[in-house]
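This report walks through one structure, part by part. Please keep the sequence and the model in view while reading.

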Amino acid sequence: MLEVRELSMRFGGLLAVDQVSLDVQEHEIVSIIGPNGAGKTTVFNCMSGFYKPTGGKILFGDKEIQGTPDYKISRLGLVRTFQHVRLFNRMTVVENLLVAQHRHLNTNLLAGLFKTPGYRKKEQKSLDRAAYWLKRVGLLDLANRDAGNLAYGQQRRLEIARCMVTEPKLLMLDEPAAGLNPAETRELNQLIISLKEDYNVSVVLIEHDMSLVMEISDRINVINQGRPLAKGTPDEIRHNDDVIKAYLGEA
Amino acid sequence: MATSNLKHALFCAIITLVVSYPILGFNLVSQGTSVGLEGANPTTVTAVFLAALAVFLFQLFRDQIMSGLGRVPKPALPTTRNMSDATRVRMQNLIILFVVIGAAIWPFLASRGSVDLATLVLIYVMLALGLNVVVGLAGLLDLGYVAFYAVGAYTFALLSQYFGISFWVALPTGALLAALFGLALGFPVLRLRGDYLAIVTLGFGEIIRILLNNWTSLTGGPNGIGGIPDPTLFGMEFGRRVKEEGNISFHDFFGIAYDSTHKIIFLYLIALVLAVMTFFAIRRLMQMPVGRSWEALREDEIAARSLGLSRTGVKLSAFTIGAFFAGFAGTVFASKQGFISPESFVFLESAIILAIVVLGGMGSQFGVILAAIAVTILPELAREFSEYRMLIFGAAMVLMMVWRPQGLLPMRRIHIHLDKPE
Ligand SMILES: Nc1ncnc2c1ncn2[C@@H]1O[C@H](COP(=O)(O)OP(=O)(O)O)[C@@H](O)[C@H]1O
Ligand SMILES: [Mg+2]
């Protein structure tokens with residue numbers, strides 16, 4: 001469903017991403033791994049429209065989306081999280097989820113001002129969807145807390161829930177386990193698998209935690225210093241000499 | 001006791017002394033070789049020092065006093081705490097209802113001057129509620145807000161002068177035109193943030209004022225436009241004599257004696273209705289997708305965009321809707337004054353409206369209303385110290401920022417009830 005072809009991104013003299021290709025099929029979890037500064041987040045930024053790549057193509061379905069503005073890409077069903085959590089801190093947890101659903105509630109101003117029955121119905125639906133996902137990630141009791149006051153692990157989960165209420169086709173997670181304790185990482189593991197199994201969402205995952213990556217990925221792409229190093233199933237990657245030398249070996 | 005507490009207490013006491021100097025209108029004079037304090041008799045000086053001492057002691061023992069207060073059982077609070085959100089909102093609406101009814105009856109008992117002043121307060125309430133959308137909710141620092149106020153006022157003035165258009169037609173026209181100007185300003189500043197945005201909006205405000213000042217053939221320039229008509233009530237005029245053929249005057253219709261306060265009260269009531277409408281419209285908007293998207297953009301623009309919010313759309317809607325309410329206020333202002341000139345729309349006005357929003361507590365509608373009342377009425381009460389008005393105002397701002405940076409009544413988020421999913 002998503003194909004990245006020979007993507008390159010240059011910042012002045014620095015070639016941060018050099019000819020990286022990857023593809024994601026429906027119902028699949030694909031990981032991108034590589035040492036710090038390898039260019040993983042930059043690939044995400046290109047895919048989600050925050051950067052316009054300097055070379056290569058990104059196809060979603062059969063539509064070329066490289067250079068499409070970020071907000072339009074997310075409307076296509078390609079939604080991401082950030083390496084450093086980005087919540088609407090001074091809004092409540094449930095408001096964070098309602099903001100994300102603005103498109104489901106896109107009635108005109110007057111309908112909203114006068115609370116027409118049609119508007120109320122849609123509003124109730126988005127509230128229900130928010131409640132559903134809050135329960136799913138275990139935050140229902142904190143619905144009216146300010147998002148900025150949540151514990152770190154809770155913020156991570158809220159960010160994923162906020163993506164899910166937009167009903168995406170493809171979810172891009174940038175180091176979702178960073179800063180989580182082992183128990184939280186295990187929970188996250190279950191959640192990501194369930195997103196694929198129960199909600200039919202494909203996932204692209206950037207992650208440092210190798211156990212997490214090996215356990216849940218269908219396929220893995222390794223990049224090193226902006227260049228693709230290897231790709232394959234977790235087993236293939238585990239036994240790939242280049243990878244062992246460049247990445248696993250040094251750890 | 002920590003030394004920081006002592007330092008802080010000393011600082012506060014000195015501030016109290018310094019601030020009381022201009023407020024009480026003291027004056028330093030040289031008497032021979034020594035310096036004396038003019039305008040101060042021994043009792044006031046003692047009072048000032050006592051006040052400073054009180055501030056000092058309070059700040060020094062603040063922690064103890066506060067925790068002491070905390071230990072005192074509060075009989076009233078638990079009930080409000082445990083109230084469900086639905087009840088709290090209902091209580092709030094009830095209080096608003098009473099306040100509005102009170103405000104509607106009050107002018108019939110009050111003096112002409114105070115009703116007139118209250119109309120001005122209501123105009124500032126509208127302005128501040130509108131600017132609150134742009135600055136408090138969307139987080140866009142707009143220093144040229146007065147331009148939209150001017151557009152509303154001049155729309156009415158010009159339409160009435162050239163086409164004899166009445167207040168009731170000019171009211172929506174002025175607001176819509178101001179909204180259009182808001183949209184027009186929105187486009188060039190879309191990519192700007194923070195300081196840059198502030199400077200460009202400041203420039204925009206000045207452009208409008210200078211345009212009004214120099215386009216003499218249309219606007220009369222610095223001489224302004226006079227003879228702006230009063231609003232009519234179902235075609236009834238409030239003047240002593242009917243100006244327009246076919247109209248009847250208010251006092252003739254009801255067979256009462258002519259009284260110039262009728263007009264003042266009528267204008268006040270119009271301003272009241274408009275201010276209440278503004279309040280409820282914006283309160284509603286805040287709970288709608290548009291309002292939430294303003295706040296989302298303020299909180300984190302990148303996250304907002306990653307969720308499909310277009311920066312363009314969100315910013316433009318905030319500017320447009322904020323300007324709309326300034327247009328309302330401008331039309332009422334023109335009608336109240338009967339005469340307007342560019343002098344009413346200088347940068348200082350923008351600054352005052354912004355100060356109201358900041359003092360009240362960004363985003364908080366109740367806070368903004370409270371601050372609008374305070375900022376408009378207090379200088380009137382302190383007329384005798386008019387030279388020190390801006391000084392007092394500045395000092396109040398500084399003190400607020402030191403002690404209560406979140407504003408008088410910080411915004412309180414509305415709790416949303418969720419049905420438990422099965
Ligand atoms: N906006 C930018 N401007 C300049 N250099 C950048 C920018 N974004 C990323 N880089 C550089 O690109 C390289 C890859 O960064 P990044 O994609 O964040 O790595 P990773 O996520 O794999 O740790 C780094 O050297 C980084 O400094
Ligand atoms: Mg990264």
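Buried means under 20% relative accessible area, exposed over 50%, and partly exposed in between (1.4 Å probe, protein chains only). Helices (H or I, at least four residues) and strands (E, at least two) are DSSP runs, numbered from the N terminus.

Helix α7 of chain B covers residues 146-163. At 1.5 Å a residue, its 18 residues should span 26 Å, and the end C-alpha atoms are 25 Å apart, which agrees. The expected span is 1.5 Å times one less than the number of residues. Gly164(B) follows α7(B), and its phi is positive, near 60 degrees.

## Basis of the model

The model is predicted: local features need pLDDT of at least 70, side-chain atom pairs count only at pLDDT 80 or more, and totals for chains, interfaces and linings use all residues. Residues are numbered from 1 along each chain as its sequence is written, chains are lettered from A and ligands numbered from 1 in the order in which they are written, and side-chain values use heavy atoms, with hydrogens and water left out.

## Chain B overall

Chain B has 18 helices and four strands. Of its 422 residues, 44% are buried. Take the contacts in chain B between residues at least 6 apart in sequence: 75% of them join residues at least 24 apart. Contact means heavy atoms within 4.5 Å.

## The interface of chains A and B

In chain A, 41 residues are in contact with 32 residues of chain B. The area buried between the two chains is about 3,400 Å², and carbon and sulfur atoms give 63% of that area. Buried area is the accessible area (1.4 Å probe) that two parts lose on being put together, summed over both. Phe88(A), Arg90(A) and Asn144(A) supply 16% of the area that chain A buries against chain B, more than any other three residues.

Four salt bridges are counted between chain A and chain B. A salt bridge is a side-chain nitrogen of Lys or Arg within 4 Å of a carboxyl oxygen of Asp or Glu. Arg86(A) and Asp300(B) form a salt bridge through their side chains, at 2.8 Å from N to O. On the side of chain A that touches chain B, the elements giving two or more residues are α2 (70-75), β6, α3, α4 (109-113) and α5 (117-136). The most comes from α5(A), with nine residues.

Ser306(B) is found in helix α14 (residues 301-306) of chain B. Ser306(B) is buried, with a relative accessible area of 3%. Leaving out residues up to four places away in sequence, Ser306(B) touches Phe50(A), Ser74(A), Val79(A), Arg80(A) and Phe82(A).

Ser217(B) is found in helix α10 (residues 216-219) of chain B. Ser217(B) counts as exposed, at 63% relative accessibility. The C-alpha atoms of Ser217(B) and Pro379(B) are separated by 36 Å, and the two residues are 162 apart along the chain.

## The magnesium site

Thr41(A) (OG1) and Gln83(A) (OE1) coordinate the magnesium ion (ligand 2) at 2.0 to 2.2 Å. Thr41(A) lies in helix α1 (residues 40-47) of chain A and Gln83(A) in the loop between β6 (78-80) and α3 (93-100), so the pair ties together parts that are 42 residues apart in sequence. Donors are N, O and S atoms within 2.8 Å of the metal (3.2 Å for Na, K and Ca); water is not among the atoms, so sites may look incomplete.

Thr41(A) is partly exposed, with a relative accessible area of 24%. Gln83(A) is also partly exposed, at 26%.
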